[in-house]
Amino acid sequence: KGAECIGIDIVPEQIESCKKKDSKGKYYVDDVKDLKIDRKFDYVLSIMVLLSFCKKEIIRAIKSMSSKMKDGGKLIIFTARPAFDYTSENMESMTRYFPEKYSYMKKGLPTIYKHKTKGYTLNDFHWMIEDYADCIKEAGLVIENIFEPIPLPESEKDNPKVFTARRNYPLYIAFVC
């Protein structure tokens, strides 16, 4: 729709995969906690990036991303919806387990995801909404809005079971800063 977009990931293989799918796109290997890109943007989107970070790293990443915003720009952070991270109805391709007994109130609880068919593992943490809000504030930003994306109605015909699960247990929460 006319937007100039740039994709960044710390994993070179992810960037190569993006370049194969979109040879005209601009993709760079960079660390979100210390972005080297010399540009300012109207919008900076963080999609499922902060899950694998401790709180100090979350704050560092938010500060780094916000340093790339133009005056009046917005940082939009999408992360897993913490209230439902114990629920597995949404898990199409991953299995999840907790090395310690799960409790929603246990901040920083390690969370391990394993892809059902590809075999790779992701190590994340369970953070509460207030943890993200505190990190955003500590990084010097103001939360303008919080929303929970819902599935598009037309996606129901593709997979009614997943559609219903995602309406009952939203996967994501977004902070507009």
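Let's start at Met 48, which sits in the loop between strand S3 and helix H2 (55-66). Helices (H or I, at least four residues) and strands (E, at least two) are DSSP runs, numbered from the N terminus.

Before going on, the ground rules. This is a predicted model, where local features need pLDDT of at least 70 and side-chain atom pairs count only at pLDDT 80 or more, while totals for chains, interfaces and linings use all residues. Residues are numbered from 1 along each chain as its sequence is written, and side-chain values use heavy atoms, leaving out hydrogens and water.

Back to Met 48. Its relative accessible area is 32%, so Met 48 counts as partly exposed. On that scale, buried means under 20% relative accessible area, exposed means over 50%, and partly exposed falls in between (1.4 Å probe, protein chains only).

Met 48 belongs to a nonpolar surface patch with Tyr 43, Leu 45, Ile 47 and Tyr 172. Together they have about 500 Å² of accessible area. Areas come from the Shrake-Rupley method with a 1.4 Å probe; for residues, only the protein chains shown count as cover. Patch residues have over 30% relative accessible area and no salt bridge; like charges are joined within 9 Å, nonpolar side chains (Val, Leu, Ile, Met, Phe, Trp, Tyr) within 5 Å. Strand S3 (residues 41-47) gives the largest share of the patch, three residues.

Now the core. Which residues have the most contacts inside the largest nonpolar core? They are Leu 50, Ile 58, Ile 62, Met 65, Leu 75 and Ile 77, in a core of 26 residues. A nonpolar core here is a set of buried Ala, Val, Leu, Ile, Met, Phe, Trp, Tyr and Cys residues joined through side-chain atoms within 4.5 Å. At least two core residues come from each of S3, H2, strand S4 (69-80), H3 and strand S9 (172-176). H2 supplies the largest share, five residues.

Take Ile 77. Leaving aside residues up to four places away in sequence, Ile 77 touches Ser 46, Leu 50, Ile 62, Ile 136, Ile 173, Ala 174, Phe 175 and Cys 177. Contact means heavy atoms within 4.5 Å.

Next, aromatics. There are four aromatic pairs. Rings of Phe, Tyr and Trp (its six-membered ring) pair if their centres lie within 6.5 Å; planes under 30 degrees apart are stacked, over 60 edge-to-face, the rest tilted. Phe 78 and Phe 147 are edge-to-face, at 6.0 Å centre to centre and 90 degrees between planes. Phe 78 is in strand S4 and Phe 147 in strand S8 (residues 145-147), so this pair ties together parts 69 residues apart in sequence. Tyr 132 and Phe 175 also have ring centres 6.0 Å apart, but their planes are at 45 degrees, so that pair is tilted. Tyr 132 is in helix H3 and Phe 175 in strand S9, 43 residues apart. Both Tyr 132 and Phe 175 are buried.

Last, charges. How many salt bridges are there? The count is 11, taking a side-chain nitrogen of Lys or Arg within 4 Å of a carboxyl oxygen of Asp or Glu. Arg 39 bridges to Glu 4, closest N and O atoms 3.4 Å apart. That pair spans 35 residues, from the loop between strand S2 (26-29) and S3 to the segment before strand S1 (6-9). Glu 130 and Lys 107 meet at 2.6 Å, N to O. Glu 130 is in helix H3 (residues 129-138), Lys 107 in the loop between strand S5 (94-97) and strand S6 (109-115). Lys 107 and Glu 130 also join Lys 55 and Asp 131 in a salt-bridge network.
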